[in-house]
Amino acid sequence: MQATLATSQPKWLRAVDEWINDLDMRSDGRENRRRLARVLGFNADWKTLTTNTLTWSTIAERTGMSRATVARHLLALHEAGWIGRVAAGRSAAAKQAAGWKSDDAFINDAPVYALTQPVDDAAVDINETPPTVSGYKEFPARAREAETPPGAAMRPSSTKAADGRPSTVPAHRTLPAWPGHVTPSSKDERGLAGREWARRVPALRKLSAEHLRFLAKDFFTAGWTIRDLITALDSLPDGRAHGQFVGGQWVPYSGADGIPAARLGHWVSWRLNAWRNDDQTVKESPTQTRLRREETAKKQQQVQRQVREEERLRNQAQMATPEGQAAKQACLAQFASRPKRRVRRR
């Protein structure tokens, strides 16, 4: 199916929502598809209307669905013309097997999706974007590269399809230096994590990746991730935003935008120190807290299910005894001896 690039995120989200409401499928399936579509829409670049940071694992984590369910709904959106796959994803293992040697060889490449709208009776050449009115560009639901760049050891900086429409599809993919949900273990990995930390928090770009790696060393050793560090810069362990008491009230204040580079490292250490214990050991990260609570809740649910199952088996065994059968017959006889209620007809 042919499609055009969507004009804006809000219009795309409303159009997809209306399409999902009209689908002949179960309500939970519609809700899962709507949840996935919103993840795509809210994470798309405002200018290019493309996503380049959403792997299947990321989508599955944010929607609570399995990878198979994510793949099924992505295929449905693609076949209906609501998304176009500009570039396929690639795992780190596949890149290493292909001969990649740079830092990007250890990072999974997220597929690039474009927000599109289906168009009826539109003849569009897959390999070329025809000239159209400004703000309205024909966009195939599946964009393919006309040629495969030679050499597997180096990644091409751009694609021929992207060169033909620079205002629609980004020719260069912005790759994370290190995944935000993975704890770095080696020195090199911590350096990559420091670089990614600065990319996600622009105020930290005044510091080098090595300096950030040093500031976060103890936290990475304790199992923290970049997402945890970002949370620690914004909030305290009790959930309040960083701030101070003014007139007996807690007043949050902003981040490090106005702090000079010479003092920025001290500011980062000061905010991270709020997440240390009295003996200067690092507290558990927000992710570790969430996982611990989820594991505790899961164990409690298992215990409750086991208690209910034991009670059911105990009642079943009790009813199988002669005394239980006699009590059952006595109850049935008591119900049968009750006078029947007459229903008055009006």
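**Salt bridges and nonpolar cores**

Modeller: The side chains of R200 and E196 meet in a salt bridge, with 2.8 Å from N to O; a salt bridge is a side-chain nitrogen of Lys or Arg within 4 Å of a carboxyl oxygen of Asp or Glu. This is a predicted model, in which local features need pLDDT of at least 70 and side-chain atom pairs count only at pLDDT 80 or more, whereas totals for chains, interfaces and linings use all residues. Residues are numbered from 1 along each chain as its sequence is written, and side-chain values use heavy atoms, with hydrogens and water left out.

Side chains of opposite charge can pair when their charged atoms come close. Both R200 and E196 belong to helix α7 (residues 187–200), where they lie four residues apart, about one turn of the helix. Helices (H or I, at least four residues) and strands (E, at least two) are DSSP runs, numbered from the N terminus. E196 counts as buried because its relative accessibility is 0%, whereas R200, at 34%, counts as partly exposed. Buried means under 20% relative accessible area, exposed over 50%, and partly exposed in between (1.4 Å probe, protein chains only).

A search of the whole structure finds 12 salt bridges. In one of them, R292 pairs with E284, and the closest N and O atoms are 2.6 Å apart. R292 has a relative accessibility of 40% and therefore counts as partly exposed; E284, at 31%, is also partly exposed.

Another salt bridge joins E309 to R312, whose closest N and O atoms are 2.5 Å apart. Because E309 and R312 are three residues apart in helix α12 (residues 286–319), about one helical turn separates them. E309 is partly exposed, with a relative accessible area of 35%, and R312 is partly exposed at 44%.

The nonpolar cores come next. A nonpolar core is a set of buried Ala, Val, Leu, Ile, Met, Phe, Trp, Tyr and Cys residues joined through side-chain atoms within 4.5 Å. The largest has 28 residues, of which W12, L36, L40, L74 and L77 touch the most other members. At least two residues of this core come from each of α1 (9–21), α2 (27–42), α3 (56–63), α4 (67–79), β3 (83–87) and β4 (112–118). Neighbours within four places in sequence aside, L36 is in contact (heavy atoms within 4.5 Å) with I59, T63, M65, V70, H73, L74 and L77. A second, separate core has 27 residues, including A193, L207, V268 and W275.
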